[in-house]
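Trainee: I would like to learn how to read a structure that is new to me. Could we go through it feature by feature?

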Amino acid sequence: MNEFHLSKRLETVASFIPKGAVLADIGSDHAYLPCYACLRGYASKAIAGEVADGPLRSARQQVEKSGLSHLISVRKGDGLAVIDHGEVDCITIAGMGGALIARILDEGEEKLTGVKRLILQPNIGAELVRRWLLDHGWELTAERILKEDGQIYEVLVAERGDARRPYRHLEAELLLGPFLRQENSEVFREKWQRELRHWKRIIADLAEKGESEAAREKKRELEKKVQLVEEALL
Ligand code: SAM
């Protein structure tokens, strides 16, 4: 992977950046995504945000090496703290857990003024991201699921609007994704078959040794999820 060729995962994220966007890529690491987006003209300029020193150095080097220092500003900071109010109109956050993505959006919510599109790629816990979007007036407008090197990834795209609109069966679709559930692709089915196997192993373990109320609660929770997913896969 480099500034000209992204992984399939990041290429999918990049494909949703509106042409000419002013982009902030949060947790940019190597900064391949903003470099690629500027080189391809998806973004007119960009901010690469990073909280950790190693990735920050690597982002700076990459931006310099690509000759994009006039278009991409590399900044150190936690989440959306690196952007000013109204400075960007599109934000990408990729390759982190859903809980962290939701926390970044929550803590930086006032920085979302002027932002028209969020492109989010949680490695796990996409449900937490969908829940945050729903609770904060962001309408999910597209979803993708893809498999790369044996891993399955989801990409969520949201714009301001009617956050409830995409959902018919809220509980199941917050978990599975309303568009992904509807599409019901091979990769989607594979992801949830994997999860089902994993949850069923945990349920069996809990049934064997879990006598505490907490264990019974956890088992009930997982059984509910199994039911939701099995219904969706029928
Ligand atoms: N976005 C790139 C991608 O998808 O390939 C890099 C993903 S990397 C696994 C996650 C990056 O997010 C790390 O470089 C980490 O330092 C950064 N990160 C984690 N928490 C962050 C936060 N609160 N604010 C900014 N960056 C963060």
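Trainee: In S3, which residue is the bridge partner of Ile47?

Mentor: This is a predicted model, so please keep that in mind throughout. The partner of Ile47 in S3 is Ser73. The strands concerned are S2, residues 43-50, and S3, residues 72-76, which pair in the parallel sense over five bridges.

Trainee: What stands opposite Ala24 in S2?

Mentor: Ile47 of S2 stands opposite Ala24. S1 and S2 pair in the parallel sense, here over six bridges. S1 also pairs with S4 in the parallel sense, over four bridges, and Ile26 stands opposite Ile93 in S4.

Trainee: How many residues of H2 are buried?

Mentor: For burial, count the C-beta atoms around a residue; 20 or more others within 10 Å make it buried. In H2, residues 32-39, seven of the eight residues are buried, so the helix is largely enclosed by the rest of the structure. The buried residues are Tyr32, Leu33, Pro34, Cys35, Tyr36, Ala37 and Cys38. Their cover includes H1 (8-14), S1 (21-26), S2, H3, S3 and S4. S1 is itself mostly covered, with five of its six residues buried. After H2 comes Gly41, with a positive phi near 80°.

Trainee: Which residues come nearest to the ligand?

Mentor: Look at the shell of residues around the ligand, then at the elements that supply it. Gly27, Asp29, Pro55, Ala94 and Gly95 come nearest, out of 17 residues around the ligand. At least two residues of the shell come from each of S2, S4 (90-96) and H4 (98-107). S4 gives the largest share, three residues. Sorted by class, the shell has nine nonpolar, five polar and three charged residues.

Trainee: How many bridges join S6 to S7?

Mentor: Ten bridges join S6 to S7, and these strands run antiparallel. Leu140 stands opposite Ala158 in S7. Where two strands follow one another, look also at what links them. S6 and S7 form a hairpin with two residues between them.

Trainee: What is phi of Asp149, in the loop between S6 and S7?

Mentor: Phi of Asp149 is near 50°, a positive value in a residue other than glycine. Asp149 counts as exposed because it has 7 C-beta neighbours inside 10 Å. Asn184 gives another case: its phi is near 55°, also positive in a residue other than glycine. Asn184 lies in the loop between H7 and H8, and with 12 C-beta neighbours inside 10 Å it counts as exposed.

Trainee: How far apart are the end C-alpha atoms of H8?

Mentor: To check a helix, set its expected span against the distance between its ends. H8, residues 186-209, has 24 residues, and at 1.5 Å a residue they should span 34 Å; the end C-alpha atoms are 35 Å apart, which agrees. In H8, Phe188, Lys191, Trp192 and Leu206 are buried. What covers the buried residues of H8 includes S6 (138-148), S7 (151-160), H7 (178-183) and H9 (213-233).

Trainee: Is Glu213 buried or exposed?

Mentor: Glu213, found in H9, is exposed, with 8 other C-beta atoms within 10 Å. The C-alpha atoms of Glu213 and Gly54 are separated by 44 Å, and the two residues are 159 apart along the chain.

Methods: Residues numbered from 1 in each chain as written. Predicted model: local features only at pLDDT ≥ 70, side-chain atom pairs only at ≥ 80, totals over all residues. Pairing = 2+ DSSP bridges. Near = placed C-beta within 6 Å. Nonpolar A, V, L, I, M, F, W, Y, C, P; charged D, E, K, R; others polar. Expected span 1.5 Å × (residues − 1). Contact = placed C-beta atoms within 7 Å.
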